[in-house]
Amino acid sequence: MAPSSNRSVIERVFHACTFEFFAIVFTMLIGIFLLNKPVESMGIVSVLISVTALLLNILFNWIFDKLFPFINGDRPIKIRILHAVGFESTLILFTVPMLAFFLKVSLLEALMIEAGLLIFFLFYTYLYNWSYDQIRKKVVAHYQAKRSK
């Protein structure tokens, strides 16, 4: 039996929280070791960016869904690209001033830091979700095997 692709609300919350937990850790490490910024500043800015991204995700997706409803349960690629670019652009409007303020850098420097973080998170998101799916597949298969005994 193939592992179920249906995820409960609890699992979705777990998935999002673990994603954000590791995002905060990695953002702090990048800031501390690559940007040579203080632990306290990186801790604050990492948590604030994470919370901002979570809250913006909820609001942005709600507005986006109203403006661009699903067509037969799906969205064309152009709309998906618009969604991704729109979300990341909106997030930048919030995060660049945060980075500038808490890290005591110019807006241009904060924009460069944000660009580096966006590149990192492109790979992090892919690897996190791939790893999560691999682990989930094994956990679901294990519990399905136990049930069938």
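1. Helix 1 gives the most to the lining of the largest cavity, with 3 residues. This is a predicted model, in which local features need pLDDT of at least 70, side-chain atom pairs count only at pLDDT 80 or more, and totals for chains, interfaces and linings use all residues. Residues are numbered from 1 along each chain as its sequence is written, and side-chain values use heavy atoms, with hydrogens and water left out.

2. Terms for the voids. The grid has 1 Å spacing and covers the protein atoms alone. A cavity is a set of points where a 1.4 Å probe fits but cannot get out. A pocket is an open set with protein on both sides within 12 Å along at least five of seven lines. Lining residues have an atom within 4 Å of a point. Points are joined across faces, edges and corners, and a volume is the space filled by probe spheres set on them.

3. The cavity. The count is 1 cavity of 30 Å³ or more. The largest cavity holds about 30 Å³ of space. Helix 1 (9–34), helix 3 (77–103) and helix 4 (107–147) are the elements that give two or more residues to its lining. Helices are DSSP runs (H or I, at least four residues), numbered from the N terminus. Thr 27, Ile 30, Gly 31, Leu 35, Met 42, Leu 99, Leu 103, Ile 113 and Leu 117 form the lining. By class, the lining of the largest cavity has 7 nonpolar residues, 2 polar and no charged. Here Ala, Val, Leu, Ile, Met, Phe, Trp, Tyr, Cys and Pro count as nonpolar, Asp, Glu, Lys and Arg as charged, and the others, Gly among them, as polar.

4. The largest pocket. Its volume is about 1100 Å³. It is lined by 31 residues, and Phe 19, Asn 57, Phe 87, Glu 88 and Thr 125 are the closest to its centre. Helix 1, helix 2 (39–67), helix 3 and helix 4 each give two or more residues to this lining. The lining of the largest pocket divides into 16 nonpolar, 9 polar and 6 charged residues.

5. The second largest pocket. The volume here is about 310 Å³. Of its 15 lining residues, Glu 11, Tyr 132, Arg 136, Val 139 and Val 140 lie nearest the centre. Helix 1 and helix 4 each supply at least two lining residues. Helix 4 gives the most, with 9 residues.

6. A nonpolar surface patch. Ile 119, Leu 122, Phe 123, Tyr 126, Leu 127 and Trp 130 make a patch of about 740 Å². Patch residues have over 30% relative accessible area and no salt bridge, and nonpolar side chains (Val, Leu, Ile, Met, Phe, Trp, Tyr) are joined within 5 Å, like charges within 9 Å. A salt bridge is a side-chain nitrogen of Lys or Arg within 4 Å of a carboxyl oxygen of Asp or Glu. Areas come from the Shrake-Rupley method with a 1.4 Å probe. Tyr 126 lies in helix 4. Tyr 126 counts as exposed (over 50% relative accessible area) because its relative accessibility is 60%.

7. Backbone points to check. Most residues other than glycine have a negative phi. Asn 36, not a glycine, has a positive phi of about 55°. Asn 36 lies in the loop between helix 1 and helix 2, and its 68% relative accessibility makes it exposed. Lys 104 also has a positive phi, near 55°. Lys 104 sits in the loop between helix 3 and helix 4. At 73% relative accessibility, Lys 104 is exposed too.

Note on methods:
Buried < 20%, exposed > 50% of the residue type's maximum accessible area, 1.4 Å probe, protein only.
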